[in-house]
Amino acid sequence: MSSIKSDLARVRVVRDTYLDSLRLLVATSVMSEQDGVAWAGAVMATPAGWENLRAEGFDEDFVGEAGANDLVLAVRARDEDAAEAALDAGAQAAYEDAAAETGEAAAVAPRTVSRAVEQLPGASVAVVSVPGDYAALEAHHALSEGLHVLLFSDNVSLDEEAELKKRGEELGLLVMGPGAGTAVISGTGLGFSNEVRRGPVGVVAAAGTGAQEVAALLDRWGVGVSHVIGVGGRDLSEEIGGRVAKMAVRALSEDPETKVILLVSKPPSQAVAQSVLEQCASTPAVATFLGLSDLEPPSGVRMARTLEEGALAAAEIAGKSPGTMSEGLRAKVEERIRSLSDERRTVRGYYSGGTLCYEAQLIVNETMGDVYSNEPLIPGNTVPAPAGSNVLLDLGAEEYTVGKPHPMIDPSTRIQILREQARDPEVAAVLLDVVLGYGAHEDPAGQLAPVLSEIMADGGPQVVAYVLGSDTDSQGYARQRAKLEEIGCLVTETAARAAYTAAAIASRRPELTESHR
């Protein structure tokens, strides 16, 4: 291990040490939260890692010699003590799991997929979380061992994805991903997922937080899920052709525990979406393809516009009636409208979940007109937006996460953006999600509460929040809601209700809170 120093930037290089992408994000988040730290990053010294370091001014001359098998911890802090404390905290966070392994278990930890299979011969799924340059190869190794693959890694090329999924189909194995952040297989959560009860609804999702949203809603409504199969955001593209989504639908149709199939996707190819629907033959199904309405569903398939509508339809088919999603909401909105100055007429959204941002765009566009985003639902409606526009940002998109933790893990970037932008005099409603579950921050609402209080103070905009989670998530669904409600946020029952509520406030039409339900 070596340390290299210059001014208030500090670097620690740990030789011959590999951490997967999730552990790197955790280490980055822990360092960023330390007192006096302006920026922090934990990367492997791969080409992609070097690119992130150079973007922050940490070039090879500064860092020193480091190769793809070396871990680099880097910080920029106010003084020497703060920098060293942050590096120490990052190293501890990076190895806290490894530190728990001692003796024989640590000595024989497998370094290849084949050795892992020897140690755990009953395994059926491999989670691949390595830098994108190596991810496809490791996924192929897992397929060769007869394992389904959850490919958590991103930066896997479209050609590599197509090759993997074609080979997986030939072998009868699912390749979930790349960038597949969420799955629940027979009650076991993988990646970013929530603690949800078992039940009759099987979910197939080309949308990470879309999968989490419908699974969490079904859990809170007492329905539950049999499996959640995340297929990766590009699976329903023309290039991939829905190959794994079709396999997943067929598998769930044959699963005796699955009585209803719920399909969820970010904006897909229309032709591919139609072909996936055609696989829904023997089991009742509901499909929510955000932004796509010109489809002809086969018999037994119901179409839904939003994630809320899709989850409600699946629950109803399963014999549950969750009830209204908007009880008492209209009166609360009427009260909030009275506190706003007349010039506050727009919606600003700051999302950690990309699918929830898409859903909100759909709703705000339908109720208020054009909406702009860094991940636009309508091509061309990109940021920067014209003055006076509704703007919804996906802060989990690549431009906000290069060299930084995802906002689900570390809310600091979102807090900074909120503080800089959300109190603009034209903003009537600030819209955001708070995502709970495995991998998410231990207290996201508590971290966000101070800046949200600042935003609403002295005639500022109203904050409309949605907490995505289950009652049994470690962060505590009820506790997280209460922290937001205590400071005056309007907290809704679904992500869609939050978007309708924000639109109702900004347009001075409280009746929108009751739209479509």
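**Exercise 1.** Which strands each supply at least two residues of the lining of the second largest cavity?

*Solution.* We begin by noting that the model is predicted, and then list the residues around this space. The second largest cavity is lined by Val204, Ala206, Val231, Leu236, Ala245, Leu263, Val264, Val276 and Phe289. The next step is to set these residue numbers beside the strand ranges: strand S10 covers 198-206 and strand S12 covers 260-265, and each of these strands supplies at least two residues of the lining.

**Exercise 2.** Sort the lining residues of the two cavities by class, and state how the classes divide in each lining.

*Solution.* A search of the whole structure finds 2 cavities of 30 Å³ or more, and we take the largest one to start with. The largest cavity, which holds about 50 Å³ of space, is lined by Ser352, Pro407, Met408, Pro411, Arg414, Val434, Val435 and Pro444. Sorting this lining gives 6 nonpolar, 1 polar and 1 charged residues. Turning to the second largest cavity, we find 9 nonpolar residues in its lining, with no polar and no charged ones.

**Exercise 3.** Where are Asp16 and Asp458 found, and are they buried or exposed?

*Solution.* Asp16 is in the loop between strand S2 (9-14) and helix H1 (21-32), and its phi is near 50 degrees, a positive value in a residue other than glycine. With a relative accessible area of 66%, Asp16 is exposed, because exposed means over 50%. Asp458 is in the loop between helix H17 (444-456) and strand S19 (462-468), and its phi, near 55 degrees, is likewise positive in a residue other than glycine. At 77% relative accessibility, Asp458 counts as exposed.

**Exercise 4.** Which residue is joined to Pro384 by a cis peptide bond?

*Solution.* We locate Pro384 in the loop between strand S16 (371-372) and strand S17 (390-394). The cis bond joins Pro384 to Val383, with omega about 5 degrees.

Methods:
Residues are numbered from 1 along each chain as its sequence is written. This is a predicted model: local features need pLDDT of at least 70, side-chain atom pairs count only at pLDDT 80 or more; totals for chains, interfaces and linings use all residues. Side-chain values use heavy atoms; hydrogens and water are left out. On a 1 Å grid over the protein atoms alone, a cavity is a set of points where a 1.4 Å probe fits but cannot get out, and a pocket is an open set with protein on both sides within 12 Å along at least five of seven lines; lining residues have an atom within 4 Å of a point. Grid points are joined across faces, edges and corners, and a volume is the space filled by probe spheres set on the points. Ala, Val, Leu, Ile, Met, Phe, Trp, Tyr, Cys and Pro count as nonpolar, Asp, Glu, Lys and Arg as charged, and the others, Gly among them, as polar. Helices (H or I, at least four residues) and strands (E, at least two) are DSSP runs, numbered from the N terminus. Buried means under 20% relative accessible area, exposed over 50%, partly exposed in between (1.4 Å probe, protein chains only).
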